Amino acid sequence: MLRRALRPLLTFVMLLTFTCAGTALTAGTAHADECYTWGRTLSQGASGEDVRQLQIRVAGYPGYGAVLAIDGQFGPATKSAVIRFQQAYGLGADGIAGAQTYGKIYALQDADCTPAHFAYSELNNCNSTWAGGAVSAATARSNALRLMWQLEALRHALGDRPITISSGFRSYSCNSAAGGASNSNHLYGKAADLTGTPSYCSLDLEARYHGFSEILGPGYPGHSTHAHVGDQGSRYWSASQCGI
Ligand SMILES: [Zn+2]
């Protein structure tokens, strides 16, 4: 009896929710996101902070062996990255960031701007302040944010299976304790060691498509028990047991 009475009410509420969501997406600026809200459609030729924010979110989609510049300039590389992001999530792939693309980003990002499946705490099991590394705490955190969006793309490409991070940002003392290289990208918040499933080689091989210029794994000294991915500027990939 109760259930029968509730059903039309529920349908009405769902309809209302759907209508509101639709209106918000059409209006664009009406959608208030806790982290960041884009106020205009972005396409090739645009520039500004909103482009830079978009570039961070699509940094994991630069194409094989490439790294997307986070420079606030919407050029051909940004357009290609937006297209790959759109394709990855089944959206219309036109390379223009509008309501659909922002809607997907809003759904993916948490209030602190990290992607849904990664958190600052996961990228830092060294100290909570992000201090003591090779760069300021603020820089280390912003490097880690970009890294997390790349990891989100990697995770999605590997079938949305959880990825475990055994080490991310390290202060100099944490890096020494871990036996890291003296110029390790972990000191910059630019590197992560991945363990668990998928296999280290699956992670390393797929990472080549998601903006990681530094990939180390099985076959590289000291990397038989994890996949190390990061950004070191010029490309350095070495995991001979994975064929890299
Ligand atoms: Zn590492």
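Predicted model: local features only at pLDDT ≥ 70, side-chain atom pairs only at ≥ 80, totals over all residues.
Figure 1. Ile215 stands opposite Val229, a residue of S4. S3 covers residues 214-216 and S4 covers residues 227-230. The two strands run antiparallel and are joined by three bridges.

**Figure 2. The two faces of strand S4.** Ala227 and Val229 point one way from S4, and His228 and Gly230 point the other way. Are these four residues buried or exposed? Ala227, Val229, His228 and Gly230 are all buried. In a regular strand, side chains alternate between the two faces of the sheet.

**Figure 3. Strand S2 beside strand S4.** S2, residues 191-195, pairs with S4 in the antiparallel sense, over four bridges. Which residue of S4 is the bridge partner of Asp193? The partner is His228, which is among the buried residues of S4.

**Figure 4. The zinc ion and its protein donors.** Three residues supply the donors: His186 through NE2, Asp193 through OD and His228 through ND1. These atoms lie 2.0 to 2.1 Å from the zinc ion. Along the chain, the donors follow the spacing H-x6-D-x34-H. His186 and Asp193 are both buried, and His228 is buried as well.

**Figure 5. Helix H7 and the elements it packs against.** H7 spans residues 200-207. Which residues of H7 are buried? They are Leu203, Asp204, Glu206 and Ala207. The buried residues of H7 pack against H5 and against the strands S2, S3 and S4. H5 is the helix of residues 137-157.

**Figure 6. The disulfide of Cys201 and Cys242.** The structure holds three disulfides, and this view shows the one that joins Cys201 to Cys242, with an S to S distance of 2.0 Å. The link is left-handed, with -75° about the S-S bond. Cys242 counts as buried, at 12% relative accessibility.

**Figure 7. The disulfide of Cys126 and Cys174.** The sulfur atoms of Cys126 and Cys174 are 2.2 Å apart. The torsion about their S-S bond is about 90°, so this disulfide is right-handed. Cys126 is in the loop between H4 and H5, whereas Cys174 is in helix H6 (residues 172-178); the pair links distant parts of the chain, 48 residues apart. Cys174 counts as partly exposed, with a relative accessibility of 23%.

**Figure 8. The disulfide of Cys35 and Cys113.** Here the S to S distance is 2.0 Å. The link of Cys35 and Cys113 is right-handed, with 105° about the S-S bond. Why does this pair tie together parts that are 78 residues apart in sequence? Cys35 lies in the loop between helix H1 (2-27) and helix H2 (49-57), and Cys113 lies in the loop between helix H4 (99-108) and helix H5, so the bond spans that separation. Both cysteines are buried: Cys35 has a relative accessible area of 16%, and Cys113 has one of 17%. With the bonded cysteines of the protein numbered in sequence order, the pairing is 1-2, 3-4, 5-6.

Technical notes
Residues numbered from 1 in each chain as written. Heavy atoms only, no water. Disulfide = S-S within 2.5 Å. Buried < 20%, exposed > 50% of the residue type's maximum accessible area, 1.4 Å probe, protein only. Contact = heavy atoms within 4.5 Å. Pairing = 2+ DSSP bridges. Donors = N, O, S within 2.8 Å, 3.2 Å for Na, K, Ca; no water.
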